[in-house]
Amino acid sequence: GRRTILLRRCYLNPNAFYRFRNNFVKAGFQVVDCPSFTARNKNGADILMVIDILDALQHETRFDEFIILSGDSDFRPVILRLRAHD
């Protein structure tokens, strides 16, 4: 069947990825700016994503599916939590 996408969010560093922001906005994404905290370009994007995922699990709307695109292997515990919530 056809999917209904309820939330579209993109978490990005506005300084490093400013040229892509408009493309995400035009595609219907809510862009969450995650500026760098350090000189090594570390930001809080992963933490913000996890907080939003946990908030979604507590919401009265039932989500059938989460699609997470990340190059960060730290998301394995999040995937396990999502599976635990079926």
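1. In this note, buried means a relative accessible area under 20%, exposed means over 50%, and partly exposed lies in between, computed with a 1.4 Å probe on protein chains only. By this definition Phe63, at 19% relative accessibility, counts as buried.

2. The model is predicted: local features need pLDDT of at least 70, side-chain atom pairs count only at pLDDT 80 or more, and totals for chains, interfaces and linings use all residues. Residues are numbered from 1 along each chain as its sequence is written, and side-chain values use heavy atoms, with hydrogens and water left out.

3. Aromatic pairs. Rings of Phe, Tyr and Trp (for Trp, the six-membered ring) are paired if their centres lie within 6.5 Å; planes under 30 degrees apart count as stacked, those over 60 as edge-to-face, and the rest as tilted. Phe24 is partly exposed at 30% relative accessibility, and Phe29 is partly exposed at 28%. Another pair, Phe63 with Phe66, is tilted, at 5.7 Å centre to centre and 50 degrees between the planes. Phe66 has a relative accessible area of 29% and is partly exposed, whereas Phe63 is buried.

4. A charge over a ring. The ring of Phe29 also has the charged end of Arg8 sitting over it, 6.0 Å from the ring centre. The criterion is that NZ of Lys or CZ of Arg is within 6 Å of the ring centre and within 35 degrees of the ring normal.

5. Cysteines. How many disulfides does a search of the whole structure find? The search finds zero, a disulfide being a pair of cysteine sulfur atoms within 2.5 Å. Cys10 counts as buried at 11% relative accessibility, and Cys34 is buried at 2%.

6. Arg3. This residue is found in the segment before strand E1 (9-12); strands (E, at least two residues) and helices (H or I, at least four) are DSSP runs numbered from the N terminus. Arg3 is exposed, with a relative accessible area of 57%. The side chain of Arg3 makes a polar contact with the side chain of Glu65 at 2.6 Å. A polar contact is a pair of N or O atoms within 3.5 Å; within protein, one must be able to donate a hydrogen and the other to accept it, and residues adjacent in sequence count only if both atoms are side-chain atoms.
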